[in-house]
Structures are given as structure tokens and as C-alpha cells.
Amino acid sequence: MKNLQDIYKKYEPKNFIEPSLYPLNKVKQGLRNENGTGVKVSLTKVSTVQGYDVVDGDKVNIEGKLIYRGYSVEELVEHLDDENIFGFEQIAFLLIFGKLPDKEELASFHNELLTIATNTMTDFSYKTSSILNAMQIGVLKLYGTDENPDNDTLEHRMIKGVHILSSLPLFVFSYYTDVHAKTYWETYPKPDKSFAENILYMARENRIYTMKEVSLVDKLLIVHADHGGGNNSTFANTVITSTGTDIYSTIASSIASLKGPKHGGAALKTYEQFEKIIHDYGYVQDEATIREICNLILDKKYNDCSGLIYGIGHAVYTKSDPRATIIRRECKELAEEKGMMEAYNFYETFEKVALQTMKERKGIETCANVDFYSGFAYRMLGFRKEIFTPLFAIARTSGWIAHHLENRQSDRKLIRPAAVYVGQLRTIEGDLDEQD
């Protein structure tokens, strides 16, 4: 009896598709145009990302913009003054409903998020090393507790989506703290407080925090809430939604996409890169030394030898990533409060030198992305690295809900793209003759 893995390995070379076949067959690999821009596959009013203009077929770099329902994220964050700690709730409402809430609408939304839903998902009888996998299982279990999970009205889908969003932090911190603090969160511990404050309270074993820390968590949730219709998890959401399936299946598929290291795992990669640098060099601020580190990384001689400086560069943003700008500012303020300015200055100097090195080595204008400072933010907040991506998923669920509702309302066509067959045409008789 032959081993199936050995059999598969034997035939692997025959199944490989040569990269040269993509342009030959006019197939845009990764749904990317030749100039690196994304292929346009849908319309949306929810959000968009701007990092360049296209003039006569060429990309022209511009300052980055993240737009939620027509508003720049920078303007929205400025609108949320220091005393307003319900920022994420306002942004989630904006994405889902299409307008900023008035006081009564915000109160209703906050009530639905923090006092109506309960944690019916947590089940420790199944084991998985990934909280993201556990979240998918948990979301699909909500389908089983819903008396009418396939109700197709938009209003019912919206409520189901809000209840998924509400349940995820309770589930994540029950699942997460089962390992560490042995706490099960059936309901929110502070229902009169904000979403961000409850998350920080549940994440902290000693339950002690400052309002500046709450502000940072709130901003992290805001900048991760959505990122246009073209990112992988939102596109997965769009594809699955087009089948007409329930919102639980759609959100679970989006989480599955986000779990991939090429998508949601970027903050963790960046965090681990800087942990290694800090271990080896300390909070170095000598520009010559940092330039040497950057060159070693680009030469595939340091860190994971991938040749990538994690946290630097983005598929869309060129001159700046507005999310990084917001988180950098919040990090500086919290670093001042915590007496961690040496660490902050290290990150700021590293960003400056890394951008210079990328310009010198690759001749490109690029920027620090949101993951550059997010890892430092999570570090200051004391979050363990296994919840970085789950926190991202919690925030992004608000955007996934919005895109799901938009696509159910406006686009009833099943997404069914074409693929070009590049395999051989064969006959069984011919193959038998070959074996003889």
C-alpha cells in the first residue's frame, strides 16, 4: 500500500502552473493590473482607499486617504473629541447605516451592542490553537441558536450582524482568558461604558487602565473598521454574499480570509520583527545602525530572511497611510503617559531610516503602514500577540456587515468569474498506452 502523501508529491510537478502562462492568456493574477492596481470588480458606497491617481495609465503618488461613507478617517477622528469615548460605536453605525448617529440613535446602537446580546458561543470542548479558527466556529454556532437564521430581510440581517459584532469580544476574551485568567464573559462587565473600554477591561487581568489607553483601543478599532471593498476578506465577503447565503456564513468566511498571514497576520509579523531587533540591538536610535539593520533585512540576512521590512509599504498607499498617522499620534501620547518615550523614539527613527533605505535601494516612494505602530500600540497596552488579529477581526466585522448588507440590497448577481484551462487534453486510452 503506497503512502498518499508520497503519491501526491510524485505528481506535484505536473500540477504546477508556470507564471508566464498568466499574461500569455491575458489573466490578471491576483486580480492585479500590470501597473499593480486592483482590477475593478464591484461598486460600493461604504468606504474607499486612495493612495495614488492614475494619469494616462501611470500611477501618480498622493497622500493616503481612507474614506468612510464620504468622510476621511482623519476628519472623523478629529470630530470625536477627547471626552467622547464612544468613537468606534459611531463609526460602526456610520458604516452600517450610512450616516453618523444622533444621540438617540447612538444610544440605541450602544444598547444593542452592549446589553442585548449575550455570549452563547463559548465552548471549550473543541480545541484549536488559533483563536481565529475558534471565532469562525463560534459565529457558525450562532446560526444554530438563531430561530430564523436565513431570514432574508435587510433589517433582520442587520440585527444578526450587530449581534455577531457584539458577541465576538465576549467570546474572544472568554476563550483567551480561559488559558490565562480563567474568566468567562457571559455579558459585558461595563454595559454603560464604551465598546473599547469593555474590551480593555476584559483583556486586563488586574482590570486597571487609564482613559488614554481606552482612547488608543478606540482608535485601533476605528482605523481597522473597514478598508474599502477590494481587500481580501471584504472581497471574500462580497463573493459569499452573492450566493444569497446567511450573514453568519459570510462573516465566518471573512474571518477565514483574515486569518491568512498575507492579510490579517501582518501586525503580528511586524511585532515579531521589532521584538527581535529590540532583543538584539535595544532601542537603538543611531541612524547608521538602523540603516545597517534595514539593509540586512532587504538582503535576506536578518529576521525571517524574507527580504521584507514588515510595517513598511502598502499595496495602495504610497506617500502616507492615514491609519499609521493616527496610531502614531496616539502611541506618542500614551508613551508620554507611560514613560516609554525611548521606545517611541526608536520606532519613529526606524520609520524615517527605513523609508530612506527603501528609496535608496529600490527607488520607490513608500510609507509606514498601519501595522508599523499597531504592534507597538498592542505592546504598550500589554496585549498578548495571539489576540492581535482577533482584535482586527472584531473591528473589521463592522465593515463586513456593511458590505454584506450593501451587496444583498444592490447586487443580486452571483459572482462567477472565468478561469482559463491550461492543462493538457488527454484520452484514457492514450494514458493506458503510456503506462504500457
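This is a predicted model: local features need pLDDT of at least 70, side-chain atom pairs count only at pLDDT 80 or more; totals for chains, interfaces and linings use all residues.
Residues are numbered from 1 along each chain as its sequence is written, and side-chain values use heavy atoms, with hydrogens and water left out.

Let me begin with the rings. Rings of Phe, Tyr and Trp (for Trp, the six-membered ring) are paired if their centres lie within 6.5 Å, and planes under 30 degrees apart count as stacked, over 60 as edge-to-face and the rest as tilted; by this rule there are 25 aromatic pairs. One of them joins Phe-88 and Phe-195, a stacked pair with 5.2 Å from centre to centre and 20° between the planes. This pair links distant parts of the chain, 107 residues apart, with Phe-88 in helix α4 (residues 87-97) and Phe-195 in helix α8 (residues 195-203); helices here are DSSP runs of H or I with at least four residues, numbered from the N terminus. Phe-88 counts as buried because its relative accessibility is 0%, where buried means under 20% relative accessible area, exposed over 50% and partly exposed in between, with a 1.4 Å probe and protein chains only. Phe-195, also with a relative accessible area of 0%, is therefore buried.

A second pair, Phe-274 with Phe-372, is edge-to-face, at 5.1 Å centre to centre and 80° between the planes. Here too the pair links distant parts of the chain, from Phe-274 in helix α12 (residues 266-281) to Phe-372 in helix α16 (residues 370-381), 98 residues apart. Both Phe-274 and Phe-372 are buried, and they belong to one aromatic cluster whose members include Tyr-283, Tyr-344 and Phe-376.

Staying with helix α12, Thr-270 lies in that helix and counts as buried because its relative accessibility is 2%. Leaving aside neighbours within four places in sequence, Thr-270 is in contact (heavy atoms within 4.5 Å) with Tyr-310, Gly-311, Asp-371 and Phe-372.

Finally, how do the axes of α4 and helix α5 (residues 103-116) cross? They come within 10 Å and cross at roughly 100°, the axes being lines fitted to C-alpha atoms over the stretch in contact, with angles from 0 to 180 degrees between N-to-C directions. The residues that meet there include Phe-93 and Ile-96 in α4, and Phe-109 and Leu-113 in α5.

Technical notes. Helices (H or I, at least four residues) and strands (E, at least two) are DSSP runs, numbered from the N terminus.
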